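Please look through the structure below with its packing in mind.

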Amino acid sequence: MAQKTYAGITVDVNEEGYFTNPAQWTKEIAVEIAKEEGLVLTGQHFAIMDFLRNKFIGGEALSIRSINHSGVLDVKTFYQLFPGAPLKKATKIAGIPKPVSCI
Amino acid sequence: MKKLLILGAGTAGSIMSNKMRKCLSKNEWSITVVEREMKHYYQPGFLFIPFGYYRKKDIVKPESKFIPKGVDLVNAEIENIDSAQNRVTLKNGTSIIYDILIIATGTRISPEDTPGLKGELWQKSIFDFYTIEGAEALAKYFKTWQGGNLVINIADNPIKCPVAPLEFAFYSDEFFSAKGMRDKVNITYVTPLSGAFTKPKASKMLGSLLEQKNINLVSDFFIGEVDNTNKKILDFGGREVPFDCLVTIPLHVGDTVISKSGLGDEFGFVKADKQTLQSVISKNVFVIGDAGNYPSSKAGSVAHFQADILVHNILSFINDKPLTATFDGHSNCYIETGHGKGILIDFNYTTEPLPGVYPMPLVGPFALLKETRLNHLGKLLFKWIYWNILLKGRRLPVTDYMSMTGKIQN
């Protein structure tokens, strides 16, 4: 198990840098991970990350299309906030595991 | 007399009606199954239709063959589920009061949810193969197609039988090679995932197979719309993939009645506990198979593995005992890779598909995560197993819980 230190706190991550223990996450940590990804976080980023964290903690599967039902923003905006692969980036910064497809 | 009501007679509903009839006394419990479609399709067979390997008649049987004596099969559409009153109302106006309800209404494709997908090119150069109509239309199209860009696109997960799109890509390679026109067909696999698969070991293996077969991979692509005029699919990040023939795996949703009855999540999948399979809305309502919002595969094998867990928990519930059986997310499937070979994968909520062997008396063991001829034969044999053993709730010589026997971890 790898570890990384963000904002002075050591956290457990997997080989791709995703949190293995979402309880170790804080907003300060998120700001630091976002920097690595070249992003500056805004209130909108945090709002959608809250949505993703709550869904994950509730045991639900995460998907991009669920963003349209978040009540926070739509998929288009999600792409603008986390360019490229938004769900991958957003979950990494939100301190939750990378969504696995339900193969 | 008490009533067990099962909604849906697909894979999950048929298995449950057989299993429950065996363990509930006929003097105490009546069992009713409601189903709108009286034809039962062997859904894994849809994949074979576009290539002419199977025809419709090879994969369909009357539903009534699989519902045992002592179970009433009602052919009707469901209007509403009222879990507060323990009542299901049918479109024909009748209603059924239940003591225990099993929801097995499955999932369906919803191409309407992607702008332009069901536009002017639908079933002209855009096809699905998740319905018999789509698969047959594509078979007809492929017969005379002269080649070009063949694009296979998954709109988003979850989808039924999550490996089917990959199998479709592998079969396309085989099919057009056999026709002597592989050089005229440029195959591109476009997925919202970051690779061929997300589970690392399987993704690596399947990704290299795509490469070997000269199939292009476009990953992290979440389709936003289809441009019918210019024959392109576009994602929200502004990327475009041109197509001459688009094979789409559209968004999947639960049955309309689930949302209408207020039982579902935003996509109409019933909210239920992923281990006990009990719904969150009412203790006497249980959910099996594709209808649930479980983070497991939407696949027949999952419904099969869930069935024994659910039988156990329903019997506990009837006897006022705690629900102790827990589903581990166990799933397995054969993946056809073309040219007479296949792969087998076996996994659950927490263990990714691993290499090794999968023990099975008489016919096995099958190699895991490796291309073999035996795995291809296993897939073909499975159709017989489905009709004769699985749907009828008979025992297969495999465990419900995923076993590490034969698997190699590193």
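This is a predicted model: local features need pLDDT of at least 70, side-chain atom pairs count only at pLDDT 80 or more; totals for chains, interfaces and linings use all residues.

Beyond its neighbours within four places in sequence, I288(B) is in contact with A12(B), M16(B), I102(B), A104(B), L277(B), A303(B), Q306(B), A307(B) and L310(B). I288(B) is also among the residues with the most contacts inside the largest nonpolar core, a group that includes M16(B) and A104(B) as well as I6(B), I103(B), F129(B) and I345(B). That core has 137 residues. Its largest share, seven residues, is supplied by helix α6 (residues 300–318) of chain B. In soluble globular proteins, nonpolar side chains tend to be buried together.

Helix α4 of chain B covers residues 200–212. Its 13 residues reach 18 Å from the first C-alpha to the last, close to the 18 Å expected at 1.5 Å a residue. A202(B), S203(B), L206(B) and L209(B) are the buried positions in α4(B). Viewed down the helix axis, the buried residues of α4(B) fall within an arc of 130°, so they line one face of the helix. An α-helix has 3.6 residues a turn, so residues three or four places apart point the same way. The cover over the buried residues of α4(B) includes α3 (164–178), β21 (331–338) and β22 (341–347) of chain B. On the other side of α4(B), S208(B), E211(B) and Q212(B) are exposed. After α4(B) comes N214(B), with a positive phi near 60°.

Between the chains, 19 residues of chain A are in contact with 24 residues of chain B. On the chain A side, helix α3 (residues 75–81) gives the largest share, three residues. By class, this side of chain A has nine nonpolar, six polar and four charged residues.

Key. Residues are numbered from 1 along each chain as its sequence is written. Chains are lettered from A and ligands numbered from 1 in the order in which they are written. A nonpolar core is a set of buried Ala, Val, Leu, Ile, Met, Phe, Trp, Tyr and Cys residues joined through C-beta atoms within 7 Å. A residue is buried if 20 or more other C-beta atoms lie within 10 Å of its own, exposed if 12 or fewer, and partly exposed in between; C-beta atoms are placed from the backbone. Helices (H or I, at least four residues) and strands (E, at least two) are DSSP runs, numbered from the N terminus. Two residues are in contact if their C-beta atoms, placed from the backbone, lie within 7 Å. Ala, Val, Leu, Ile, Met, Phe, Trp, Tyr, Cys and Pro count as nonpolar, Asp, Glu, Lys and Arg as charged, and the others, Gly among them, as polar. The expected span of a helix is 1.5 Å times one less than its number of residues. The arc is that of the directions from the helix axis to the C-beta atoms.
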